[in-house]
Amino acid sequence: MAHKILDVGHQLRVLVRDPMKAAAFKVRGAQVVVGDALNPSTVSQAASGVEHIISLVAVRRNRPQSYLAVNVDGPRLLGQAAMTAGVQSVVFVSAIGAKLDPHFKYYTSRWMGEQELAKTGVTGTILRFSFVIAEEGGILNDFERALVGPFAIIPGSGQAKMQPILREDAARCIVDAVSKPELLGRIIELGGPEVVTYETLLDWFIEGRGIRKPKLKLPAALLVPGAAVMETLFKDPVVTPDEINMIQVNNLAEGIDSVSTRFGWRPTAPSTWVPVHWKKAPTHKK
């Protein structure tokens with residue numbers, strides 16, 4: 001994301017907790033502010049004198065930092081700092097599925113964060129993405145955890161539909177949104193150019209990594225109680241009840257051409273990208 005902002009000629013200031021992770025940006029001329037995105041004074045310092053803010057801060061699990069602190073209070077603090085600094089606009093990255101629903105704690109927290117940002121009065125664009133995929137992290141971590149014993153576990157049917165989008169393409173959408181005032185005040189839902197199932201994504205992972213484990217589908221209702229216990233006892237459980245519930249529902253953008261309609265270019269098809277970029281030497285026993 002930061003590199004794409006610099007690539008198009010913008011000046012950049014980044015707020016980070018670990019300055020070492022921002023070294024590559026600093027080399028390219030970016031200003032670096034070290035601090036916590038939940039510290040009002042730090043956020044105000046980062047916002048001072050800038051024209052636009054892009055917010056990527058969120059947590060998908062309720063520990064060690066809570067949904068309430070990061071996904072709800074964080075956007076409010078950001079909006080307040082942006083208003084005080086006279087920022088022109090905020091591009092706030094959220095998630096498709098964000099809504100007020102007690103069955104989905106993460107989605108509820110993202111919806112509440114959107115609301116808190118709006119209440120501050122700041123002018124902004126909300127970009128909700130379907131699954132964002134990359135060469136590491138994200139859903140790949142979920143798939144790694146799904147390799148339990150001799151099986152690759154699928155919670156539920158695995159037939160929920162989604163529109164995965166490459167991280168680089170999502171970053172390009174975010175950068176483009178900064179220069180599109182017609183999107184201000186809008187909620188835009190974006191995804192890649194293909195609709196696939198959760199099971200298809202897992203198949204791509206298994207094939208790419210050369211894993212030789214059969215898939216085992218287990219009813220979500222059977223897994224949720226155990227996941228709830230793990231979430232209580234462990235800092236980094238294999239899966240949480242919320243994650244199990246979320247992958248049972250479709251996660252689709254406003255259209256198969258959502259990116260091209262809004263930004264005039266077509267994102268890369270994951271089916272052609274994944275076989276090259278998810279292919280690594282097997283790290284698990286066959």
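Modeller: The largest cavity is lined by Arg 61, Asn 62, Arg 63, Glu 231, Phe 234, Lys 235, Pro 237 and Thr 240. A cavity here is a set of points on a 1 Å grid over the protein atoms alone where a 1.4 Å probe fits but cannot get out, and lining residues have an atom within 4 Å of a point. Please note that this is a predicted model, in which local features need pLDDT of at least 70 and side-chain atom pairs count only at pLDDT 80 or more, while totals for chains, interfaces and linings use all residues. Residues are numbered from 1 along each chain as its sequence is written, and side-chain values use heavy atoms, with hydrogens and water left out.

Colleague: How many cavities are there of 30 Å³ or more? And how much space lies in the largest cavity?

Modeller: The count is 1 cavity of 30 Å³ or more. The largest cavity holds about 40 Å³, where a volume is the space filled by probe spheres set on grid points joined across faces, edges and corners.

Colleague: How does its lining divide into nonpolar, polar and charged residues?

Modeller: The lining has 4 charged, 2 polar and 2 nonpolar residues. In this scheme Ala, Val, Leu, Ile, Met, Phe, Trp, Tyr, Cys and Pro count as nonpolar, Asp, Glu, Lys and Arg as charged, and the others, Gly among them, as polar.

Colleague: Let us change topic. How many salt bridges are counted?

Modeller: There are 20 salt bridges, each a side-chain nitrogen of Lys or Arg within 4 Å of a carboxyl oxygen of Asp or Glu. In one of them, Glu 116 pairs with Arg 76, with the closest N and O atoms 3.9 Å apart. That pair links distant parts of the chain, 40 residues apart: Glu 116 is in helix H5 (residues 105-119) and Arg 76 in helix H4 (residues 67-85).

Colleague: Why does Glu 116 count as buried?

Modeller: Glu 116 counts as buried because its relative accessibility is 18%. Arg 76, at 26%, counts as partly exposed.

Colleague: Where do Arg 128 and Glu 189 lie?

Modeller: Arg 128 and Glu 189 meet in a salt bridge (3.1 Å, N to O). Arg 128 lies in strand S5 (residues 124-129) and Glu 189 in strand S11 (residues 187-190), 61 residues apart. Arg 128 has 9% relative accessibility and therefore counts as buried.

Colleague: Which residues are linked in a network of salt bridges?

Modeller: The network links Arg 60, Arg 61, Asp 142, Arg 145, Asp 236 and Glu 243. Arg 61 also lines the largest cavity.

Colleague: One last topic: which residues does a cis peptide bond join?

Modeller: A cis peptide bond joins Arg 63 and Pro 64, with omega about 0 degrees. Pro 64 is placed in the loop between strand S3 (52-55) and H4.

Terms used:
1 Å grid on protein atoms, 1.4 Å probe; cavity = no way out; pocket = protein on both sides within 12 Å on 5 of 7 lines; lining within 4 Å. Helix = DSSP H or I, 4+ residues; strand = E, 2+ residues; numbered from the N terminus. Buried < 20%, exposed > 50% of the residue type's maximum accessible area, 1.4 Å probe, protein only.
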